[in-house]
Amino acid sequence: MSAAAEMVEGCAAHEARIAALEHRFDAVVKAVIPIGVTLLGARDFHGLLEQILLEAKTLCHADGGTLYLRTEDEHLRFVIMRNDSL
C-alpha cells in the first residue's frame, strides 16, 4: 500500500471516529437536557431518580441499571433497579 493510500485510509478512519463521537454527543445532549428541565420543576423525587436511571440505561445501551443514594453516614442505600430482560 502506498503512503498516499495509507494516509487516505487513516483520514477515513479518523473521520468515522469523529462522526461516531458527534453521534454520541447528540445522544448525551438529548438525554441530559430533558432531565435538566425536569429538575427545575421536580416535585416527585423518586420519579426523577427513575427517569435519570432510565435515561442512563438508554445512553449506555444497558439491559439493566441500579441506583443507590449515599446516606448521611456514608453508606449506600438501594433505591431503584430496572432490568429489561427479567
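Guide: Helices are DSSP runs of H or I with at least four residues, and strands are E runs of at least two, both numbered from the N terminus. The model is predicted: local features need pLDDT of at least 70, side-chain atom pairs count only at pLDDT 80 or more, and totals for chains, interfaces and linings use all residues. Residues are numbered from 1 along each chain as its sequence is written, and side-chain values use heavy atoms, with hydrogens and water left out.

Visitor: In what order do the elements of the protein run from the N terminus on?

Guide: The protein contains 2 helices and 2 strands. Read from the N terminus, their order is α-α-β-β.

Visitor: What percentage of the 86 residues in the protein do buried residues make up?

Guide: A residue is buried under 20% relative accessible area, exposed over 50% and partly exposed in between (1.4 Å probe, protein chains only). By the Shrake-Rupley method with a 1.4 Å probe, where only the protein chains shown count as cover for residues, the protein exposes about 6900 Å², with carbon and sulfur atoms supplying 62% of that area. The buried share of the 86 residues is 13%.

Visitor: Which residues form the largest nonpolar core?

Guide: Such a core is a set of buried Ala, Val, Leu, Ile, Met, Phe, Trp, Tyr and Cys residues joined through side-chain atoms within 4.5 Å. In soluble globular proteins, nonpolar side chains tend to be buried together. Here the largest core has 5 residues, namely L49, L53, L67, V79 and I80.

Visitor: Which elements give two or more residues to this core?

Guide: The core includes L49, L53, V79 and I80. The elements that give two or more residues are α2 and β2 (76-83).

Visitor: Is K57 buried or exposed?

Guide: K57 is part of helix α2 (residues 45-60). Apart from neighbours within four places in sequence, it is in contact (heavy atoms within 4.5 Å) with A62, D63, G64, G65, R82 and D84. Because its relative accessibility is 8%, K57 counts as buried.

Visitor: Which residues does D63 touch, not counting those up to four places away in sequence?

Guide: D63 is located in the loop between α2 and β1 and is partly exposed, with a relative accessible area of 37%. Its C-alpha atom is 9.4 Å from that of L86, 23 residues apart in sequence. The residues that D63 touches are K57, R82, N83, D84 and S85.

Visitor: What is the phi of H61, which is not a glycine?

Guide: H61 lies in the loop between α2 and β1 (64-70), and it is exposed, with a relative accessible area of 72%. Most residues other than glycine have a negative phi. H61 instead has a positive phi of about 55°.

Visitor: Where is the place of E74?

Guide: E74 is not a glycine, yet it has a positive phi of about 65°. At a relative accessible area of 57%, E74 is exposed. Its place is in the loop between β1 and β2.
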